[in-house]
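Here is a briefing on charges and strands. Have the sequence and the 3D view open as you read.

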Amino acid sequence: VKKKPLVVVTRKLPDSIETRMRELFDARINLDDTPMSTEQLAEAARTADVLVPTVTDHISADIVNQPDCKLRLIANFGNGVDNIDVQAAHARGITVTNTPKVLTEDTADMTMALILAVPRRMIEGASILTEGKPWAGWSPTWMLGHRIGGKRLGIIGMGRIGQAVARRARAFGLQIHYHNRRPVAPVIAEELGATYWESLDQMLARMDIISVNCPHTPATYHLLSARRLKLIRKDAYIVNTARGEVTDEDTLIKLIEGGEIAGAGLDVYEHEPAVNPKLVRLAKAGKVTLMPHMGSATIEGRVEMGEKVIINIRTFLDAHKPPDRVLPSML
Ligand code: 8YV
């Protein structure tokens with residue numbers, strides 16, 4: 001019998017996915033579900049044919065450049081590949097794949113939820129009741145937020161997720177603006193009623209709500225730099241469901257603390273899983289809404305991500321091009 005390929009999976013996955021992986025491969029799954037150490041990852045790269053990491057595993061150049069690295073495929077369980085040195089892997093002849101499309105709608109839902117939650121003070125309001133704070137009853141002037149309809153939404157990154165956010169936001173009456181490396185196809189811009197801003201600076205200065213929906217790459221690291229964050233209006237909000245590294249988090253915090261930006265809805269952080277205690281203070285003051293990286297956290301989505309990982313591994317092992325190959329030129 002042919003030996004099954006050794007597939008190391010760094011985190012616990014949905015049961016149905018684990019079962020299928022065990023049928024198909026010699027699957028070694030890290031069942032204690034805590035992130036593997038750098039040494040464990042390095043060892044996995046020396047013994048496994050395929051590695052299935054997640055956002056919590058940093059697959060560095062050091063790992064793939066080990067002289068006895070055996071890996072042939074890194075099949076990321078996740079859309080963003082900023083946890084992997086794709087360039088280094090590619091140079092070593094290691095294929096990298098991701099799980100696009102299946103988490104687009106879930107992530108856009110979370111984004112839209114934050115776009116609604118922050119200006120409408122939803123978490124602040126809910127916590128009044130759940131924390132048992134006194135409530136004197138309805139009042140005409142109490143807990144007022146800001147209307148969503150009619151406001152300008154500026155989307156940074158108009159890929160699949162950005163477009164799915166635009167579709168939702170349009171249904172809520174927001175005006176859609178976006179910045180992207182290049183404009184989307186006219187037919188899509190028309191469907192979304194979206195206005196393109198070649199200059200991110202100019203767009204930032206004019207938006208009521210800004211949504212970060214671009215990947216984290218060397219080119220987008222601190223795209224929302226201190227200088228750019230200062231262009232944002234005092235009464236504007238920022239939502240980030242992409243990656244914390246895209247914004248200069250310390251400056252964002254300072255600007256919100258100083259009343260220079262109205263507030264933020266964050267699902268991602270610059271030093272995950274660490275959350276800056278100042279953000280927690282701002283959350284308690286009702287200025288920000290914080291989610292623990294849950295954009296794609298649906299049962300359906302995680303199963304579909306797992307199915308994609310399996311398809312990528314199988315096509316690769318069958319000596320075909322896996323459908324979700326990530327090349328350095330795509331980043
Ligand atoms: C995933 C994500 O849950 O896919 C992504 O890029 O940010 C998350 O939604 C996580 O990355 C899995 O590795």
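Which side chains meet in a salt bridge at 3.0 Å, N to O? They are those of Lys 12 and Glu 18. A salt bridge here is a side-chain nitrogen of Lys or Arg within 4 Å of a carboxyl oxygen of Asp or Glu.

This is a predicted model: local features need pLDDT of at least 70, side-chain atom pairs count only at pLDDT 80 or more, and totals for chains, interfaces and linings use all residues. Residues are numbered from 1 along each chain as its sequence is written, and side-chain values use heavy atoms, with hydrogens and water left out.

**Salt bridges**

- The structure holds 21 salt bridges.
- Glu 18 is buried at 5%, whereas Lys 12 is partly exposed at 36%.
- Asp 26 bridges to Arg 28, with the closest N and O atoms 3.1 Å apart.
- Asp 26 has a relative accessible area of 28% and is partly exposed. Arg 28 is also partly exposed, at 46%.
- Arg 243 and Asp 82 form another salt bridge, with 3.1 Å between the closest N and O atoms.
- This pair links distant parts of the chain, 161 residues apart. Arg 243 lies in the loop between strand S10 (237-240) and helix H11 (249-257). Asp 82 lies in the loop between strand S4 (73-75) and helix H4 (86-91).
- Arg 243 is buried at 13%, while Asp 82 is partly exposed at 24%.
- Shared partners join Lys 12, Asp 15, Glu 18 and Arg 22 into one salt-bridge network.

**Strands S1 and S2**

- Helices (H or I, at least four residues) and strands (E, at least two) are DSSP runs, numbered from the N terminus. Two strands pair if DSSP finds at least two bridges between them.
- Strand S1 (residues 6-9) runs parallel to S2, joined by four bridges. Val 9 has Ile 29 as its bridge partner in S2.
- Side chains alternate along strand S2 (residues 26-29). Ala 27 and Ile 29 point to one face and are buried.

**The seven-strand sheet**

- Seven strands form an open sheet with parallel pairing, in the order S8-S7-S6-S9-S10-S11-S12.
- Strand S8 (195-196) and strand S12 (288-290) stand at the edges, each with a single partner strand, so one side of each has no neighbour in the sheet.
- Strand S6 (residues 152-156) pairs with S7 in the parallel sense over five bridges. Leu 153 stands opposite Ile 176 in S7.
- Strand S7 (residues 175-179) is mostly covered, with four of its five residues buried.
- S6 also runs parallel to strand S9 (residues 209-212), joined by four bridges. Ile 155 has Ser 211 as its bridge partner in S9.

**Positive surface patch**

- Lys 230, Lys 254, Lys 278 and Arg 281 form a positive surface patch.
- Patch residues have over 30% relative accessible area and no salt bridge, and like charges are joined within 9 Å. Lys and Arg count as positive. Each charge is placed at NZ of Lys or CZ of Arg.
- Lys 278 is partly exposed at 37% relative accessibility and sits in helix H12 (residues 277-284).

How values were computed:
Patches are made of residues with over 30% relative accessible area and no salt bridge: like charges are joined within 9 Å, nonpolar side chains (Val, Leu, Ile, Met, Phe, Trp, Tyr) within 5 Å. Accessible areas come from the Shrake-Rupley method with a 1.4 Å probe; for residues, only the protein chains shown count as cover. Buried means under 20% relative accessible area, exposed over 50%, partly exposed in between (1.4 Å probe, protein chains only).
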